[in-house]
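Hi everyone, thanks for coming along. Let me put the structure up, and then I'll walk you through it.

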Amino acid sequence: MAGIKALVALSFSGAIGLTFLMLGCALEDYGVYWPLFVLIFHAISPIPHFIAKRATYDSDATSSACRELAYFFTTGIVVSAFGFPVILARVAVIKWGACGLVLAGNAVIFLTIQGFFLVFGRGDDFSWEQW
């Protein structure tokens, strides 16, 4: 039952993050949909973790080169997702208010993704691998 509550909370927070992102694009004052490209960063951010999880068989090791490389690539993806709307606002493609909403949405969505891996990545009977 605790897993179901966590799943509902994560889906709710993901919906709030996407709402911030959509507000940054669709409000009448902003009206530019270029910030939606950060959805690509949201989609590819877990991929290095999945690859590292499959490639490292020794789960007793505290660290491995593959896992560290996955952390590096994931960090680059997350920083790029936060930098993209700032660059768009700096070159006046979007307004700074839209940039703030997209950055707030990024923070909520990436915290939701991290929460998903913390809750369902424990390796017990109720993990995301079972779904």
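Let me start with one definition: buried means under 20% relative accessible area, exposed means over 50%, and partly exposed is in between, with a 1.4 Å probe and protein chains only. With that in hand, look at Phe110, which counts as buried because its relative accessible area is 10%.

A word on where this comes from. This is a predicted model, so local features need pLDDT of at least 70 and side-chain atom pairs count only at pLDDT 80 or more, while totals for chains, interfaces and linings use all residues. Residues are numbered from 1 along each chain as its sequence is written, and side-chain values use heavy atoms, with hydrogens and water left out.

Now the overall layout. The protein has 5 helices and 0 strands, so from the N terminus the order reads α-α-α-α-α, where helices (H or I, at least four residues) and strands (E, at least two) are DSSP runs numbered from the N terminus. Of the 131 residues in the protein, 28% are buried.

Back to Phe110, then. Phe120 pairs up with Leu7 across 113 residues of sequence, with 9.0 Å between their C-alpha atoms.

Next, the outside. Which residues form the nonpolar patch on the surface? They are Trp34, Phe37, Ile40, Ile44, Ile47, Phe50, Ile51, Ile87, Val91 and Val93, and together they have about 900 Å² of accessible area. Helix 2 (38-44) and helix 3 (47-55) are the elements that give two or more residues to this patch, and helix 3 has the largest share, with 3 residues.

For the record, patches are made of residues with over 30% relative accessible area and no salt bridge, joining like charges within 9 Å and nonpolar side chains (Val, Leu, Ile, Met, Phe, Trp, Tyr) within 5 Å. A salt bridge here is a side-chain nitrogen of Lys or Arg within 4 Å of a carboxyl oxygen of Asp or Glu. The areas come from the Shrake-Rupley method with a 1.4 Å probe, and for residues only the protein chains shown count as cover.

Phe37 is in the loop between helix 1 (2-26) and helix 2, and counts as partly exposed because its relative accessibility is 42%. Ile44 belongs to helix 2 and is also partly exposed, at 33%. The C-alpha of Ile44 lies 7.8 Å from that of Ile77, 33 residues away in sequence.

What is the volume of the largest pocket? It comes to about 410 Å³. There are 14 lining residues, and the closest to the centre are His49, Thr74, Ile113, Gln114 and Phe117. Helix 4 (65-90) and helix 5 (96-120) each supply at least two residues of the lining, with helix 5 giving the largest share, 6 residues.

On a 1 Å grid over the protein atoms alone, a pocket is an open set of points where a 1.4 Å probe fits, with protein on both sides within 12 Å along at least five of seven lines, and lining residues have an atom within 4 Å of a point. Points are joined across faces, edges and corners, and the volume is the space filled by probe spheres set on them.

The lining divides into 9 nonpolar, 5 polar and no charged residues; Ala, Val, Leu, Ile, Met, Phe, Trp, Tyr, Cys and Pro count as nonpolar, Asp, Glu, Lys and Arg as charged, and the others, Gly among them, as polar.

Last stop: Ala92, in the loop between helix 4 and helix 5. Ala92 has a positive phi of about 65° although it is not a glycine, and it is exposed, at 64%. Most residues other than glycine have a negative phi.
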